[in-house]
Amino acid sequence: MITPGPYRPDAESAGRRALKNVCLGFLAATEESQAITLAFAQYQGADNMTDRMAAIDVLSLYDRPEAHASA
């Protein structure tokens, strides 16, 4: 779930990141393997602290190998 384009600190971009990260949390709540993989991919590919922290928050909730790999 990488936001397209370079990081921008404006309100519109911040809102998009916030919505995306809430959706990531909802997806991960299903505990589907694909959702956890998506969170890990966001952690690895994040170019900003907001996305990286959201991914860590999601991964920390589940006892999965991806969560331990991000530590």
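The place of E31 is in the loop between α1 and α2, where helices are DSSP runs of H or I with at least four residues, strands are runs of E with at least two, and both are numbered from the N terminus. This is a predicted model, in which local features need pLDDT of at least 70, side-chain atom pairs count only at pLDDT 80 or more, and totals for chains, interfaces and linings use all residues. Residues are numbered from 1 along each chain as its sequence is written, and side-chain values use heavy atoms, with hydrogens and water left out.

E31 has a positive phi of about 60° although it is not a glycine. Most residues other than glycine have a negative phi. E31 is also exposed, with a relative accessible area of 53%; exposed means over 50%, buried under 20%, and partly exposed in between, with a 1.4 Å probe and protein chains only.

Now for the whole chain. Its secondary structure comes to 4 helices and 0 strands, following the pattern α-α-α-α along the sequence. Of the 71 residues, 32% are buried.

How do α1 and α3 pack, and at what angle? Here is the pair in brief:

| Item | Value |
|---|---|
| Helix α1 | residues 11-29 |
| Helix α3 | residues 49-60 |
| Angle between α1 and α3 | about 15° |
| Distance between the axes of α1 and α3 | 10 Å |

That angle makes α1 roughly parallel to α3, a label for angles under 35 degrees, while over 145 is roughly antiparallel, 65 to 115 roughly perpendicular and the rest oblique. On the α1 side, R17, K20, N21, L24, G25 and A28 meet T50, D51, A54, A55 and V58 of α3, contact being heavy atoms within 4.5 Å. By class, this contact of α1 with α3 has 5 nonpolar, 3 polar and 3 charged residues.

The largest nonpolar core has 10 residues: L24, A28, I36, A39, F40, Y43, A55, V58, L59 and Y62. Such a core is a set of buried Ala, Val, Leu, Ile, Met, Phe, Trp, Tyr and Cys residues joined through side-chain atoms within 4.5 Å. Helices α1, α2 (33-45) and α3 each supply at least two residues of this core, and α2 gives the most, with 4 residues.

One last stop is I56, found in helix α3. At 29% relative accessibility, I56 counts as partly exposed. I56 and A39 are 17 residues apart in sequence and 7.9 Å apart in space, C-alpha to C-alpha.

Notes: Axes fitted to C-alpha atoms, helices over the stretch in contact; angles between N-to-C directions. Nonpolar A, V, L, I, M, F, W, Y, C, P; charged D, E, K, R; others polar.
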